[in-house]
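Subject: Structure handover

Hello,

Here is the structure I said I would pass on.

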Amino acid sequence: MHLKSPAETIFYTIESTIKEYRKASQKNLSIEVDDMTIDQGMILAFLEKYPEKTQKEIAAMAFKDNASMTRMLDLMEKKKYLKRSINQENRRRYKIEITAKGKQVLKTLSPIITENRENALYGISEEEVIHLETILKKIKSNCTIQASFANHQIKKNETH
């Protein structure tokens, strides 16, 4: 059996596409907001849409581990994009709020994000986008099922 090189797989194409999109998006974002990363913008956008979510939940949505998320929030707080305070309902959690400066940046980001998405999807029909999304969701589901099965097997082996 011949194993394809990583560069010959669909997964490499997916990964390299995401990296190119992020690089182009960062370049466009930096023209307007020079002290923010794509990830920081994504965190602000998630916080705006889901203000009730915890830091851990926002981290998962942004594909960040807890340590990376904490570092990003520290930096964003230092830049005055957000503020954290003790959550009075659960003192083990922070309440994260977007500041006026953060809200202004979100207004600036909105048309940039729209343009980035439009540029990336230029020449691709809505039908093709839907088809691609369907395929990617199937791949993700297959990976989730496979990971779940592997975890079950590990636990099963540990008990025997």
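I start with one lysine in a strand. Lysine 83 touches Glu77, Lys95, Ile96, Glu97 and Thr99, if residues up to four places away in sequence are not counted. The residue is found in strand β1. At 46% relative accessibility, lysine 83 counts as partly exposed, because that label covers values between 20% and 50%. The C-alpha atoms of lysine 83 and tyrosine 94 are separated by 9.5 Å, and the two residues are 11 apart along the chain. Please keep in mind that this is a predicted model.

Arginine 84 is also a residue of strand β1. Is arginine 84 buried or exposed? With a relative accessible area of 15%, arginine 84 is buried, because the cut-off for that label is under 20%. Its side chain makes two polar contacts that I would look at in the viewer:

- with the side chain of aspartate 74, at 2.3 Å;
- with the side chain of glutamate 77, at 3.0 Å.

Leaving aside neighbours within four places in sequence, arginine 84 is in contact with Gln55, Thr70, Leu73, Asp74, Glu77, Tyr94, Lys95 and Ile96. Glu77 is also among the residues that lysine 83 touches.

Next, the core. The largest nonpolar core has 22 residues, and the members that touch the most other members are Met36, Ile43, Leu44, Leu47, Tyr81 and Val105. At least two core residues come from each of α2 (38-49), α3 (55-61), α4 (66-78), β2 (94-98) and α5 (100-120). Which element supplies the largest share of this core? That is α2, with 5 residues.

Not counting residues up to four places away in sequence, leucine 44 touches Met36, Met76, Tyr81, Ile98, Gly102, Val105 and Leu106.

Two helix pairs involve α2, and leucine 44 takes part in both contacts. In the pair with α5, the helices pack at an angle of about 105° and their axes are 10 Å apart. The two helices are therefore roughly perpendicular to each other, since angles of 65 to 115 degrees count as such. On the α2 side the contact is made by Gly41, Leu44, Ala45 and Glu48, and on the α5 side by Gly102, Val105, Leu106 and Leu109. Sorted by class, this contact has 5 nonpolar, 2 polar and 1 charged residues.

In the pair with α4, the angle is about 85° and the axes are 11 Å apart. That makes α2 roughly perpendicular to α4 as well. Here Asp39, Gln40, Ile43 and Leu44 in α2 meet Met69, Met72, Leu73, Leu75 and Met76 in α4. By class, the contact of α2 with α4 has 7 nonpolar, 1 polar and 1 charged residues.

Glycine 102 lies in helix α5. Its relative accessibility is 0%, so glycine 102 counts as buried. Which residues does glycine 102 contact, leaving aside its neighbours within four places in sequence? They are Leu44, Lys80 and Tyr81. Glycine 102 and glutamate 77 are 25 residues apart in sequence, and their C-alpha atoms are 9.7 Å apart in space.

With a relative accessible area of 54%, lysine 80 is exposed.

Phenylalanine 63 also has a positive phi, near 60°, and is a residue other than glycine. Phenylalanine 63 is found in the loop between α3 and α4. At 72% relative accessibility, this phenylalanine counts as exposed.

Glutamate 127 is found in helix α6 (residues 126-159). At 66% relative accessibility, glutamate 127 counts as exposed.

Regards

Methods
Residues numbered from 1 in each chain as written. Predicted model: local features only at pLDDT ≥ 70, side-chain atom pairs only at ≥ 80, totals over all residues. Heavy atoms only, no water. Core = buried A, V, L, I, M, F, W, Y, C linked by side-chain atoms within 4.5 Å. Buried < 20%, exposed > 50% of the residue type's maximum accessible area, 1.4 Å probe, protein only. Helix = DSSP H or I, 4+ residues; strand = E, 2+ residues; numbered from the N terminus. Contact = heavy atoms within 4.5 Å. Axes fitted to C-alpha atoms, helices over the stretch in contact; angles between N-to-C directions. Parallel < 35°, antiparallel > 145°, perpendicular 65-115°, else oblique. Nonpolar A, V, L, I, M, F, W, Y, C, P; charged D, E, K, R; others polar. Polar contact = N/O pair within 3.5 Å; in protein donor to acceptor, adjacent residues only side chain to side chain.
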